[in-house]
Amino acid sequence: MIFMSLIALGFFQIVGIVSSINLPQGSILGYASSITVAQVIEGTNRERATQGLAQLTYNGVLSEAALAKAQDMFNNQYWAHTSPTGKEPWDFIKSVNYNYKVAGENLARDFDSTGPMISAWMNSPTHRANIMNPRYRDIGLAVVDGKLNGTETTLVVQMFGTLVDGSVSNSNPSVEVPAVTVAETKPVVTNTPVPVNVVNKPQTKEELEIDSQEVIEVDANDLENSSPNDVLAIASVPQGSLSQGILMSPLHVLKAFFLSIIFLIVVVLIYDFLIIGHKKPSRLVGKNLAHIILFIFIAYLIVFFKGGAV
Amino acid sequence: MIAEFKKHHKAYIVLILILLIFSLLFLHYWPNRDIQRFLIIFMSSFYFFWGVMVHSKMNKLHRHVIFEYLSVSLLAGSVLFLLTF
């Protein structure tokens, strides 16, 4: 039992050491995804088209809200629909004067390409409900690279909405790409965000219905008269910060590490199996073939394991 | 290896089938991490009990064998479990 505990302790110690190595940013380990706003919109509209739903129109103001949300998550180091200070998604939407009657938000992180991210959203009933909601007309997006909890990642904020009838919103995006400043000192809130969907009825005091049946009140004065700004739907890594080094995500590094361990174990087990086959000594241990089969399955799962969180 | 497989083919077929089903379910339930972690715990427990049962039937169950299967199932489970974070 002591031997077992030592093995387990040693294993977790090695994993801890590897994960806590603080590599200088950009010198060895860099990471950036290939996700673009255009791809996400195209993927979203493709999914909607399969159900005959209307195509969503890119809205620059909503994208500004999405960018503000993404920057807020990096600055305050959290991963949730509600910030540690209690800021809700629609607070960001209201702050850019998008006068909505219905709105929603999907989040994603750690994906390195658009296809798997859209698939993950579609595999999640709540995220899928947002994408396939026929009440939405506009879509806003932010794809922001940065450091969350000490790990290079890409956050994708997808905001949906429909303007109150008669409202005007500037939906023309700017082509500029801002540099995003990210913080990495505050602790991360690690609760998994559930997509939110807000219905905003055009009355003075309005009830906002969220998909979890929670009801909150919002002052409609906050939603008055928008003054749309040019918005930036995509933000890239500050130039130079990730320009050096190998392009590998933390998940790929972890996969490579575990695969190396498993490869080593399987080689030792096969070697042991062959030696025992020749010498046939009396021994009490179990069956190497079973262990080899198990580790081959584990290696297969590691290879095909898909990262990302929604 | 083939001789060993033939000798206990029923036990190995059960093992491979369960691992195959586990693998398909594990990949199917992506990106639901909670279900994936539940499946990992199930797989680790299954492997441990499979090893104990097989050796018990052969009257070769020993403390060392129990520790061996416990450590292998823990290692396999831990590797997959850590990936899901």
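**Two chains and the words used for them**

Guide: The contact takes 31 residues from chain A and 31 residues from chain B, where two residues are in contact if their C-beta atoms, placed from the backbone, lie within 7 Å. This is a predicted model, in which local features need pLDDT of at least 70, side-chain atom pairs count only at pLDDT 80 or more, and totals for chains, interfaces and linings use all residues. Residues are numbered from 1 along each chain as its sequence is written, while chains are lettered from A and ligands numbered from 1 in the order in which they are written.

Visitor: Which helix of chain A gives the most to the side that touches chain B?

Guide: Helix 8 of chain A does, with 12 residues, a helix being a DSSP run of H or I with at least four residues, and a strand a run of E with at least two, numbered from the N terminus.

Visitor: Why is helix 2 of chain A called oblique to helix 5 of chain A?

Guide: The axes of helix 2 (residues 37-50) and helix 5 (residues 114-123) of chain A come within 10 Å and cross at roughly 40 degrees. That angle makes helix 2 of chain A oblique to helix 5 of chain A, since angles under 35 degrees count as roughly parallel, over 145 as roughly antiparallel, 65 to 115 as roughly perpendicular and the rest as oblique. Among the residues that make this contact are Val40(A) and Gly43(A) of helix 2 and Ile118(A) of helix 5.

Visitor: How do you know whether Asn97(A) is buried or exposed?

Guide: Asn97(A), in the loop between helix 4 (89-95) and strand 3 of chain A, has 20 other C-beta atoms within 10 Å and is therefore buried, because a residue is buried with 20 or more such atoms, exposed with 12 or fewer, and partly exposed in between. Phi of Asn97(A) is near 60 degrees, a positive value in a residue other than glycine.

Visitor: What makes Asn59(B) buried or exposed?

Guide: Asn59(B) has 6 other C-beta atoms within 10 Å, so it is exposed. This residue lies in the loop between helix 3 and helix 4 (63-83) of chain B, and its phi is positive, about 55 degrees, although it is not a glycine.

Visitor: Why is strand 3 of chain A called largely enclosed?

Guide: In strand 3 (residues 100-109) of chain A, 9 of the 10 residues are buried, so the strand is largely enclosed by the rest of the structure. Strand 3 also pairs with strand 5 (residues 151-163) of chain A in the antiparallel sense over 9 bridges, and pairing requires at least two bridges found by DSSP.

Key:
Axes are lines fitted to C-alpha atoms, for helices over the stretch in contact, and angles run from 0 to 180 degrees between N-to-C directions.
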